Amino acid sequence: MLYISFCLLNAFVNIPLVAQNSPRSAQSTNRGLSCPESAYVHTDRDLYVAGENMFFKMYVTPARTLNAGTTSSVGYMVLRNQKSNILNLILRLNEGSSFGCVYLPDTLKSGVYELVAFTNFMRNYGENIFFRKELLIVNRFDKLLDNLYKTDSADNKQRQRQRQITESPVLNASANLFKLVPEKDSFATREKIRIAIIWSSNKTNHQAVHASLSVKAMNPLTRIPLEPIPVYTDTAEAKMGMNALPDQYLYLAEEKGIYLKGQVKSIDNKPVKDECLFISTIDTAANLQYSFTNDSGNFQFLLDNYYLGKNIVLKSWKNEPNIGDNKIELEDKFALHNAFIPHLPYISINLKKYIYNSQEITQIRKSYHTSENTIDTSLSKNHRIIFPYLYFNPDAVVYPANFMALDNFKEINANLLPGSALRRSKDIYTIFLFDNLTKGMFTRPAPIFLDGVFIDNANPLISLNSDDIEKIELCKSVRVKGELEFPGLVSVITKKHINDYNRYKSSALIVRIDNFSDKVLYTSPAYDKEGSASRMPDFRQLLYWNPEITLKQGEKSYFEFFSSDNLGEYLVEIRGFNSDGIPVSAYSKIKIYR
Amino acid sequence: MKKLFLISILLVASFCSYAGITYAPDTVQSRFFLLERLTGTKYMDAGHRNEGLYFIEEWTPGRIILESGEEIDNLSLHYNGFQDQLLWLKDRTVQIILDKNIVSEFFLMKSGVTYHFKKYKIKLAKDNRDTYCQELYEGKVKLLVIRKCKLDSDAFNEEMLYYIYVPRPVYCMLIGDKIYFLKNARIRSIYNAFPGKKDSLRQRIRQQHLKVKNEKDFIATIHALEDILLL
């Protein structure tokens, strides 16, 4: 009855409710709704040479049609070619934005690459609403640029079709709030450049603009005026997106952290429901996160930050100590289903010249190691990580080394572990503990942790002797973690506790969890300070990149930096969003002469 | 049970959106996921009746801030002043003593009043240990109270298995990193804690006609004396 009333109410309010237990029904309510979030990435340039750094800022803004705050605190970025993903990044969003830098591997082939940005929640509405941007990347040693001439009529048709889909819902909503005014039009090499922000209206407004500013060498592909920042407001894209949505998943807004999702299937490929799954990793204390599968066999964890950047052991927990043959499959958030059909640029003589010049500049910068000097990682703060302890004060701690040497765990258990019984059934060993509360033995076996990782039974312990074990900790009361109740706990820490995940491989899934990308700033040389006149060649094509600009309407602000030895025309470009999520952009041009 | 719980949180989400509350798709779910962060030991009453053991006798709705900064609300909580323990009533039946190491702060709500407790490292007796303190006043000076209670041995009746606990609050003031213990919630205890400032404190008390009859007056007095205490 309760369930029926829930369905009725849910259908009535027609919001994209999200739940583990009923993804299909909840998903259907999403149809026809706009995605409450929109992603945008401002990159320092559009044309790179492999081996260079790409600086970027990702913005996630609330949709303009919904008066809702940005909910996601995690953003995803993919750099891919037609065949596969080249780079996958996870970004920690702070007030809807994050920035960083990625190194474009030297080995990248020349070609058009696609930068895709999205949040987990945006995935509910299909890939058509993801932010996409094409970047031209050329290999430093590729003088022929063959890849850039390849064209296929079938590709062109598909591209045209895709273009129609992806471009239709975009609203050009850039607001011309201010202008970028350089001190003068032309500057000498290594001269200080000053650029002021002039507001169109003198009225002071408390509304802040969060933006990023780049000053980059113009190339034949640079489009003037700037392309507007796409903002999705129409419901059309949602409808289109929903058609392409995979049926079995529903994607939660990652407000508190990263969700790890997957599915448990039986040998005959059927979803396994109500399965309890554990995550743990090798460490000097037992650690754990759990989740349950729903009717579709799906599970998800709100990942503790502690597990980021580590290998995790993911396995099922049953009250009965048998090793299940179920398959655990993890969802790949970076897997993009829409094919990438690149728009190959027209390779004019001017573009070729620009590319050759850029290749030479990169070669020089590599030889003098000057590119390394442009990176500032001091902002990469270590976020507070709380260890996901399962217990804090064990009832008993035994150090076998303090006693007479014993040959195996059976002897250790019998002689050193008070209130612990090792039992064997069908060649499977389990440990039963004495319950301090009821003053009797628990009727269920205690979960066992070996070097912090949950193991199904005591079999891996049997061969361990006094020399192998550093300590054994016992909790002899009912330990609770969220919904779970454990009949005591046994944690064995070995002396080696090496990162040998192979010992868990037979009955568990072992995966590496990616960590958040570091926040990286761009630094450029200053030529006005004494002794700073560097003899190093400076052919930077990126003069300035500042991803952390906050402007307040009416307030004066300016930016200063130095020109390089690279002559030519430069584009000064600022892009960002105001507090309402309305995109703002402005540009200006300067020249560098000898 | 699990299903019922999930359905109920979804019903809350449905109601919130229907009521025009800003759509925050993750809030309800994250509470569901954050419950997983709570660890503790199962507790069972020995069968006897306790009076005055808990800060609020009945289970009260509360909110917890974890050491990680994550918040979980709508939990049924109890604070045991005798053993300085926070208890959580899980699924309306299971009582759990929450691990002190995971809880940073908690709030108990009763009759529209919120009682805020925070964990402080306070040296009581021999050891320096974490203690839950209720924050009575939070300015530049903080007035804290440890809601201790003591078993009243006179009232102990073995046959009835009836335990009576009497409150023995310990007041202290936190100025910067320094803790000043107060004997009780009286003006004299402030003089004793700050003997060097006694004259100026007394002058202010006389000027403002401050009188302390209860804890509420005591809080108002600390507020009025804050600038002198900070000197």
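**Notes on the two chains**

1. Of the 594 residues that make up chain A, 43% count as buried. The model is a predicted one, and its chain A contains 7 helices together with 35 strands. Among the contacts of chain A that have a separation of 6 or more, 76% are accounted for by residues 24 or more positions apart.

2. For chain B the corresponding description runs as follows: buried residues make up 27% of its 231 residues, and the chain holds 5 helices and 14 strands. Residues 24 or more positions apart account for 50% of the contacts in chain B with a separation of 6 or more.

3. The average pLDDT of chain A is 82, and 81% of the residues score at least 70. Among the elements of this chain, strand E4 (residues 74-80) of chain A has the highest mean pLDDT, at 97, whereas helix H2 (residues 23-28) of chain A has the lowest, at 32.

4. Two stretches of chain A should be read with this in mind. Over residues 1-33 of chain A the pLDDT stays under 50, and the model has 63 contacts beyond four places in sequence for them. Over residues 161-173 of chain A the pLDDT likewise stays under 50, with 18 contacts beyond four places in sequence.

5. How is chain A divided by the domain assignment? Domain 1 is given as 23-238 + 336-380 + 520-593, and domain 2 as 258-330 + 381-516. The contact between them takes 9 residues from domain 1 of chain A and 7 residues from domain 2 of chain A. On the side of domain 1 of chain A that touches domain 2 of chain A, strand E5 (residues 85-92) of chain A gives the most, with 4 residues, and the residues of that side divide into 5 nonpolar, 3 polar and 1 charged.

6. Chain B is divided into domain 1 (1-37), domain 2 (38-182) and domain 3 (184-231).

7. Strand E16 (residues 276-280) of chain A runs antiparallel to E17(A) and is joined to it by 4 bridges, and A:Ile279 has A:Gln289 of E17(A) as its bridge partner.

8. A:Asp451, although not a glycine, has a positive phi of about 50 degrees, and it is found in the loop between strand E26 (448-450) and strand E27 (453-455) of chain A. B:Asp91, also not a glycine, has a positive phi of about 55 degrees, and B:Asp91 is found in the loop between strand E5 (85-90) and strand E6 (94-98) of chain B.

9. Are these aspartates buried or exposed? A:Asp451 counts as buried because it has 24 C-beta neighbours inside 10 Å, whereas B:Asp91 counts as exposed because it has 11 C-beta neighbours inside 10 Å.

Key: Residues numbered from 1 in each chain as written. Chains lettered and ligands numbered in written order. Predicted model: local features only at pLDDT ≥ 70, side-chain atom pairs only at ≥ 80, totals over all residues. pLDDT = per-residue confidence, 0-100. Helix = DSSP H or I, 4+ residues; strand = E, 2+ residues; numbered from the N terminus. Buried ≥ 20, exposed ≤ 12 C-beta atoms within 10 Å, placed from the backbone. Domains from an automatic or database assignment. Nonpolar A, V, L, I, M, F, W, Y, C, P; charged D, E, K, R; others polar. Pairing = 2+ DSSP bridges.
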